[in-house]
Amino acid sequence: MNASQNGQDGRVPHVGPDPRGEPEFHPYHHPAAGWGAAKSVSQFLVRERALVDGPRAIMRMNHENTGFDCPGCAWPDDTKGLHLDICENGIKHVTWEMTGKRVGREFFAAHSVTELSGWSDYDLEDQGRLTEPMAYDPESDHYVPVSWREAFELAGRTLRELDDPGQASFYTSGRLGNEATFLYQLLARELGTNNLPDCSNMCHEASGRALTASLGTGKGTADLKDWETTDALFIMGVNAASNAPRMLTALAEAYHRGAQIVHINPLVEAAATRTIVPHDFTDMAVLRTTRTSTLNLQPRIGGDMALLRGMAKAILEQSGTDPKALDQEFIDRHTAYFDKYRAVCEATSWDAIERQSGVSRDGILKAARVYRDADRSIISWCLGVSQHEHGVDTVREIVNLLLLRGNLGREGAGPSPVRGHSNVQGNRTCGIDHRPGEEFLDRLAEVCGIDPPREHGMDTVATIRAMHRGDVKVFVGMGGNFALAAPDTPYTYTALRNCDLTVQVSTKLNRSHLVHGRRALILPCLGRTEKDHQRGGVQSTSVEDSMSMVHLSVGMKRPASKHLLSEPAIIAGIARAALPDSATPWEWYIEDYDRIRDTMARVLDGFEDCNRRVRLPLGFRIKQPARELVFLTPSGLAEFSAAPLPDVIPEPGTLALGTMRSHDQWNTTIYSDNDRYRGVKNLRTLVFMNEDDMRERGISEFTPVEIVSTAKDGSHRSLDGYLAIPYDIPRGCAAGYMPEMNVLCAIGDYSVQSDQPLMKHVKVTIEPSGRAEGDFADS
């Protein structure tokens, strides 16, 4: 097996299952969800042999304080007590976790790491649940079983022997519960480092920084009740039918009550057309569809800021003859720097707005009229807005537009980012932050009796570069599949292999277990669906959704193996081994998670009295000062920004490429090679292109092409043999699937505003295979 076959050169092997037929493409014209989702779920339950456990889980998922929180997206639980507050992808995610398949010592004895490196990521995860801790043996190239005591001692000893605590980095995906998150950051800071990168560094970092700069809070201010009462919803840069499917219910309800719904995205996704909500049994029975949009606009990739600027310019121009176009009283009382913003809008020509947005003036004016006519508006966005060079400026432009009409601090209005992974927002709330505030560190020091470091730590990109240089020697990953989720795959692979020790806390086998340091540990943990038995009884964990609601999650199933530990217990075990003289009562915390929450209540803003409040129906909402018109900004007011429009028009011959998930996928977990909502079957190695761009390059449907990216430093990366698919996408734009296309995003191509990798704005050329020139650089 050569290097390109087994992935040792950093190329991503085939990710999904082996295709079961020839690639197919048929444009999708059906409603989102509905019977298509029901059929897909049924087939999945049959394939995974979960016809009993699957329906049981469906009846327990997202039930307030008595069930477990969906481990998929972070959409909030229904406020009306809906008994089937579920979606297709959530059911698949849960069923994938509850599989009866097991990966134990016999499996690892039969398969070397080199062999497994050639498997697809689907095949790796499809082997089932990990059952016991394993350590990599370099002599045999196999993982071998170790006891938990031996695993903790190896991790603890390696951390203790570091020359500097900054030589360790502690990463988390969004799956950790709040209690584990708090202990995790406590471990890192008691050790002496703020190296706490997380998946937010790659996703919504721009949103947090922008909202903090504009409003003094890093979170959205709108909640689900606001969605239920607003007059206008603006949905930007999100494929809701796949990424937050339960949003479809909110969109359908909004349409029924007469709200306007504007989708702004380069692709018109299924969620932006119509739906049949599966738990609406009447609609399902008679196939009655509901529209989920009243207007669709397709900006070029990166053109959102110009479109928003155009809407603001239209509102400001209208205010000359219509005083009610602006909420001048709100602007005068609660905002700063309005005159600067008015000036930059007036100085931005309509010609520039149309060219940079890729949307006609008429289209922008239609959106502006919707916004002007609505008494209350919400603007919601996801990675299509944040994963850009100018993501911070774009989110601030969202806030600018909201401030013009006072859409803040009142029901039915406000900014509303769509977070991707369950509890990714809770991770940040509970201390996973490489740039912690002084006030938080002071409280942590006082309550926990430690001396936390004050200098900033490393985020995700900085951690990868430091591992590559050899400056970070220990990498600990709590959940996720870091090797595949990160940018510049070959560079990231090399970085991980440079480590002295990599530790992965996981439920299933994945690529990150095979791309490891000189020593490596796989530590298997309980899943969200499983009962967590500790000395104090069955434990619950808390999670925070994307609208700042904190609620409890309680597992329902017997653990997949008697050797599994909870994430808090694993963290405590590593901490006790790494910090033998620690006064922190690690074992006492694990006996009863209420004790962790009591400490969190004394440290974390908004968590006061959390043990009582989290047990209330639907839990509690963390206070958002900006929602109460209290702005923790330097001026004490909501601050307009006046950034110039960036130039996002691709150079001649080049295209702007954005990476995205397929429908039958959750982050790096692939369920099939199909993408139902985009009409694709048996294919992942594809690129969606505008038909005119294809014709200009002599490319037809299913033509094999070579995609070559050019990084900021001039280096190139390429993918060859991908099949071109004609799609309704603006000229100059292209799109394809992550994680395969993460190869194209260079480690140095990150936003100077947010430090996020530019996953949604990769500069590429696309030509028929054999014609393009470009090297595959590890740089």
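**From a strand proline to the salt bridges**

P704 is partly exposed, because its relative accessible area of 40% falls between the 20% and 50% limits that separate buried from exposed residues. In this predicted model, P704 belongs to strand 30, which covers residues 704-710. Beyond its neighbours within four places in sequence, P704 is in contact with G721, Y722, L723, P768 and S769, while its C-alpha atom is separated by 9.7 Å from that of V687, 17 residues apart along the chain.

The charged pairs come next. The whole structure holds 46 salt bridges, one of them between R376 and D231, whose closest N and O atoms are 3.7 Å apart. R376 sits in the loop between helix 19 (361-373) and strand 14 (377-381), and D231 in the loop between helix 11 (224-227) and strand 8 (232-236), so this pair ties together parts that are 145 residues apart in sequence. D231 is partly exposed, at 27% relative accessibility.

A salt bridge also joins the side chains of R454 and D442, at 2.8 Å from N to O. Since D442 is in helix 23 (438-448) and R454 in the loop between helix 23 and helix 24 (460-469), the parts tied together here are twelve residues apart in sequence. R454 is partly exposed at 31%, and D442 is partly exposed at 40%.

In the salt bridge of R518 with D500, the closest N and O atoms are 2.8 Å apart. This pair links R518, in the loop between strand 17 (501-506) and strand 18 (519-524), with D500, in the loop between helix 26 (489-497) and strand 17, 18 residues apart. Finally, salt bridges with shared partners join D198, E205, R209, R428 and D755 into one network.

Notes:
Residues are numbered from 1 along each chain as its sequence is written. This is a predicted model: local features need pLDDT of at least 70, side-chain atom pairs count only at pLDDT 80 or more; totals for chains, interfaces and linings use all residues. Side-chain values use heavy atoms; hydrogens and water are left out. Helices (H or I, at least four residues) and strands (E, at least two) are DSSP runs, numbered from the N terminus. Buried means under 20% relative accessible area, exposed over 50%, partly exposed in between (1.4 Å probe, protein chains only). Contact means heavy atoms within 4.5 Å. A salt bridge is a side-chain nitrogen of Lys or Arg within 4 Å of a carboxyl oxygen of Asp or Glu.
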